[in-house]
Amino acid sequence: FAAARLFALRLPRLPGRYDALAAALGNVPTLHQDRVFITEYFDPTRDDAGQPCDGTILNDHPAGSPLFGITAAEAAWASNVMLTGLNAEVASAASRHGWEFVGGITSQFFNHGYCAADHWVVRYGESRTNQGDINGTLHPNGSGQNAYGGRLAARLRSGLYVGGNL
């Protein structure tokens, strides 16, 4: 499973990259590190029932499935190993650098992944049609952006306003 090998090689590099980001942000004179908000990654791998997508992620690629689709086992690995590892590194970087970690996003996408009827993830065909290219694939769509926005707004409200009041 090539993705697992690649992930195992690259995940250990992530803390250093977050440290480099913190150093770069530290060079911005008007930026306060305690006002940096960083969000966890969302989970695009689940269907309406919260089960791993089975062969449906990217199967709308013109070359068709199974060459470009991923299996339920691969989707489960992406959710349980890759996303869990990435989100742990995001939380760790936030803690190390005094940033505000914004969680609760992964759980909001639990029934709204790529293969869900009410998906909050841009599908390959949607990206081609709506954006004119494939670069929007697997990004949050409008509903997914609203989920992010709601979590960020709640965190900003509680972090920036006394008593969480506007």
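**Salt bridges**

A: Arg 46 is buried, its relative accessible area being 10%. The partner of Arg 46 in a salt bridge is Asp 43, with 3.6 Å between the closest N and O atoms. Asp 43 is buried as well, at 4% relative accessibility. Both residues count as buried because their values, 10% for Arg 46 and 4% for Asp 43, fall under the 20% cut-off.

In this predicted model, the count of salt bridges comes to three. Another of them joins the side chains of Arg 96 and Asp 19, at an N to O distance of 3.0 Å. This pair links distant parts of the chain, 77 residues apart: Arg 96 belongs to helix H3 (residues 72-97) and Asp 19 to helix H2 (residues 14-26). Arg 96 is partly exposed, with a relative accessible area of 39%. Asp 19 is also partly exposed, with a value of 32%.

There is also a salt bridge between the side chains of Glu 100 and Arg 155, with an N to O distance of 2.9 Å. Glu 100 is in strand S2 (residues 100-102) and Arg 155 is in helix H6 (residues 142-160), so this pair ties together parts 55 residues apart in sequence. Arg 155 has a relative accessibility of 30% and therefore counts as partly exposed.

Terms used:
Residues numbered from 1 in each chain as written. Predicted model: local features only at pLDDT ≥ 70, side-chain atom pairs only at ≥ 80, totals over all residues. Heavy atoms only, no water. Salt bridge = Lys/Arg side-chain N within 4 Å of Asp/Glu carboxyl O. Helix = DSSP H or I, 4+ residues; strand = E, 2+ residues; numbered from the N terminus. Buried < 20%, exposed > 50% of the residue type's maximum accessible area, 1.4 Å probe, protein only.
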